[in-house]
Each structure stands twice: as C-alpha cells, then as structure tokens.
Amino acid sequence: MKSGELFRVQGLGGAKTLSGSVAVSGSKNEALPALASAVLFGGPVTFRNIPRITDIRQLNSLLSDLGARVMMDDGGTITVDTSKLASAHVNESTARKFRASVILTGPLLSRMGEVRFAPPGGCLIGKRPIDVFLAGYEAMGATVRTDGEEFVITAPRGGLKGCDVIFRLPSVTATETLMMAAVLAHGIVRLVNVAMEPEIGALADFLNESGADIRGIGTPVLTIRGTDGTLLVSKKEHTAIPDRLEAGSFMILGALCADTLTVTDCDPEHLKVPIASLCACGVPVVVGKKRIVISGNGGIPNRSFAAANIRTHEYPGFPTDLQAPMTVLLSQVSGESIVEEMIFESRLGYAADLVRMGADIDVVHPHKAIVHGPSKLRGRELYSPDLRAGLAYIIAAIVAKGESVIHNIYHIDRGYERVEEKLKSIGVDIERVRG
Ligand code: EPU
C-alpha cells in the first residue's frame, strides 16, 4: 500500500564511502513510559532529550485528551502537568494507532481507580496480546470487564493491593506498566519474571528519585512498596537515555558502508551483545565511553566479514529490534548465518523484500532464516512493513547498486528522529519526497 511521503535512496553499490559522526537521539522506548508516568505525579514534570517522533506526539495527544497540560519545545524538552487530570478514558482512535498507548493504563488505574481503553491493535510483527497486563491488574485486586470493544479495569475500593504478580513471560511494556501501577498501590507488590531492558531501569530510577520505592532494578524480580495513593513529586528534570536501537542500527550501517564511522551520544554498555555479534563477523569496533567507532573498515583490501548466527532474546540478549538490520549485514558476509527470532511471531516478513533485492535468504520457519552471503543487492521499490524493518530497508538500499524507493515511511518516522538528515550528514544520498 502506498501512502504519503517516501524516501529515494541512491545506493553505494558496496562501496564504503560513508564517514563522519552521527549522534544518537533519546530512547523512544524509554521516553514513552517516562511521559506516561507523569500521571503518577501531583504537579508538573519536565523531560529532556525526548525524540521528536510520531509515537511521542501520539502519546502527548492521549495525555492532553485526559486533561494533562503538555508543553513541548523544539529542542526535545517536554513538561507534563497532570494536576488537573480529568479522565481515565484513553482516546480510542489514537490508542489503536500505536501499541505503546497501553502503557498509560497502569498509571491511570492506580491514580484514578479506573481505566477504560481499547485493546491496542496487532501489527505486522505478530499478535500483540495484553494478557500479562490484565493478569497483573487482577492480581492487584482489580476487576476486568469489557464494554463493547473497550476494556474497563476497576481498582478495589481502597486502591490497588500488594501481591505477587508472576509474569508468564517477561514483557517489556507490561513490566513498565505494572511497575507504574504498583507505585501508588497499598502494600508491597512483587513482580516476578520481569523484563530487564535498560529502559525499565531508567524509568525505575526516575520514579525512585521522585518518591517511589522500587527495588531489584536490573533483576528479574522487582519489589515495589506502594505510596498508599500519595502522588509523586518531581525533584529534578528527567533526561531520556540514549536510544540503543538507533545506535545499533548506525553501527550496522557503518560496518556495511563506512571506512570509519563514529556513533556518538550513545551508551555502549547497553549494546554489549550487538557489539559482540559485529566483532564475531570481523567488524572493527572500538568502544569509547559514550561513543562507538567503526574504524579502518574499508582500508583493508578485500576485507570480507565472516558469517555469525544470531538469536534474539530479552535483554541483555540480542535485541529483536536489531534483527532486521543485522540480517542485511549477514547477507553481505561470507558464509551461512542462521537468524532466529525468539520474541515475535512474524518478524521475518521483510526477508522476502531483501530477496527481491538480491539477498539469498531462506525463511525455513516463521522464527528462523538461513542467510547465505555475500550477495549483491540491487535498488528496488519497497514498502516499509514496520519501524525496524523500515530502517533495515534504508540500510539495504544504501548498500545496493542503483536507486531504491521506500514507501510507507510513516513507520520509520514513528521511531527515528530526522533520520534522513542524520544519514545525509555522513554522506548518504537520500531524499524525502511527497508520494
Ligand atoms: N506478550 C504476550 N502478552 C502480553 C505481552 C506480551 O503474549 O501481555 C508477548 C508479545 O506478543 C511478544 C513478547 O511477549 O511475543 C514480548 O513482547 P513485549 O511485551 O516485551 O513487547 P512490547 O513491550 O510490546 C517492547 C518495545 C518493542 C520491542 C519489544 C521487545 C516499547 C514501546 N516497545 O514492546 O519495540 O520490540 O519490547 O524488546 O518499548 C519498536 O520499538 O519498534 C518495538 C516494537
């Protein structure tokens, strides 16, 4: 399906001519729950380093609809004041547009005693159920019912109660959402088998600085002593952590298309496994404190990277969100690599388009692909299926010979800030055009 703007990319045909440095923006996946957590505060909270992307604008719109005052400047600073919060009904049409809208349900339920919301839609990476969220609310004493197409969750009369919530699987947003719900609860909530992504730790640290009591950060068990309904107080501004997924994507682009590329304003601590995977392929990665350099990558004649297997896994494993960009890289190395997607049920759909570009990839199972490299990629007309595959298409288009046209770039705009400006600054020939 064609829609809106598109990217035109002139490929390098395998040359490694990109160079310079590229700065990473604030993390989308940390900024979203952090902004949602404003509902737990009695007054204004200021957030910095927030990426200017569609998902953030959608969340701001949901907050405004609930009665929050949202003030945003052009430099990535947003102040949210929920002191006059008036509603606990999450706007249905906006919520259906992005999965992360579900993050608001935890803070709203614990503050307002009730929340009404439409189930966030599934998407092209597979079904996105919310059973872990609902089981958590029920364990805290809430009742769950449906009214038409909406869920209505009601807290017990005295507020959400202390309990153990056992996650059947470690969902990232369910961990964030239930942790936020527990912050205002009565008693101690233990969340067992939770996700450990750095975005969760950053959110928990911020909430603790503001009066919450969350322990076990960075482990699979979080223990939260509720405030008995007392709202949090902002003591200082919160700065979103760097986007490890954007940083990882630039690293992969650098490995493929640059002699030397410096990725700045990132946290290499959050990228240990992707860095190890690139090193296993033979990519020359130099890690600094807040920067990662792909160095002298084109200077060695006939450098040919080696195949490596990847298997996506919850943090600290290889991130599912870097699986598609990494597969582009594996299509360019010598030998056979196995890619296993363990988190989402259909996150290999994009491989068919890489094959149309010339890659040799067999998807042998919905969760497994075998990549034979190296292959020559040619520019094609492509339709971005989701955010992360969309960026993988841009990377493949830069590697390829000839021009590619990438449609449906609204997916890419959901999560990457000014991506074409950043790419142009390191030498990519990319234009945003009206479709
Ligand atoms: N799952 C359930 N039931 C639930 C919740 C999750 O079955 O109630 C399943 C999912 O269907 C999936 C698995 O659990 O198979 C893991 O999903 P998870 O809930 O961890 O994903 P998420 O929280 O919806 C976040 C990121 C995703 C990222 C995943 C995995 C945000 C806003 N989103 O999603 O990011 O891929 O964790 O790391 O943090 C993206 O940024 O493009 C993106 C998709």
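1. Buried means under 20% relative accessible area, exposed over 50%, and partly exposed in between, with a 1.4 Å probe and protein chains only. At 6%, Asn-408 therefore counts as buried. Phi of Asn-408 is near 55°, a positive value in a residue other than glycine. Asn-408 sits in the loop between β22 (403-407) and α13 (410-413). Helices (H or I, at least four residues) and strands (E, at least two) are DSSP runs numbered from the N terminus.

2. A note on the basis: this is a predicted model, where local features need pLDDT of at least 70 and side-chain atom pairs count only at pLDDT 80 or more, while totals for chains, interfaces and linings use all residues. Residues are numbered from 1 along each chain as its sequence is written, and side-chain values use heavy atoms, with hydrogens and water left out.

3. Asn-49 also has a positive phi, about 60°, although it is not a glycine. The loop between β3 and α2 (54-65) holds Asn-49. Its relative accessibility is 33%, so Asn-49 counts as partly exposed.

4. Two cis peptide bonds deserve a look. The bond from Tyr-315 to Pro-316 is cis, with omega near 10°. Pro-316 lies in the loop between β17 (310-311) and α10 (323-330). The bond from Gly-373 to Pro-374 is cis as well, with omega near -5°. Pro-374 is placed in the loop between β20 (368-373) and β21 (381-383).

5. Now the aromatic rings. A search of the whole structure finds 3 aromatic pairs. Rings of Phe, Tyr and Trp (its six-membered ring) pair if their centres lie within 6.5 Å; planes under 30 degrees apart count as stacked, over 60 as edge-to-face and the rest as tilted. The rings of Phe-47 and Phe-206 have centres 5.8 Å apart and planes at 70°, so this pair is edge-to-face. The pair links distant parts of the chain: Phe-47 is in strand β3 (residues 44-48) and Phe-206 in helix α7 (residues 198-209), 159 residues apart. Both Phe-47 and Phe-206 are buried. Ring pairs link Phe-41, Phe-47 and Phe-206 into a cluster.

6. Next, the ligand. Which residues come nearest to the ligand? Of the 23 residues around the ligand, they are Ser-171, Val-172, Thr-173, Ile-343 and Arg-388. A residue is near a molecule if one of its heavy atoms lies within 4 Å of it.

7. Polar contacts are pairs of N or O atoms within 3.5 Å; within protein, one must be able to donate a hydrogen and the other to accept it, and residues adjacent in sequence count only if both atoms are side-chain atoms. An N or O atom in the side chain of Thr-173 is 2.5 Å from an oxygen atom of the ligand. For a polar side-chain atom of Asp-321, the distance to a ligand oxygen atom is 2.9 Å. A backbone N or O atom of Pro-129 lies 3.2 Å from an oxygen atom of the ligand. The protein covers 90% of the 820 Å² of accessible area that the ligand has on its own.

8. Where does the shell come from? The elements giving two or more residues to the shell around the ligand are α1 (28-36), α5 (131-139), α6 (172-183) and α12 (387-399). The largest share, 3 residues, comes from α5. The shell around the ligand draws at least three residues from each of domain 1 (5-25 + 244-434) and domain 2 (28-227).

Terms used: Areas by Shrake-Rupley, 256 points an atom, 1.4 Å probe, with all protein chains shown as cover. Domains from an automatic or database assignment.
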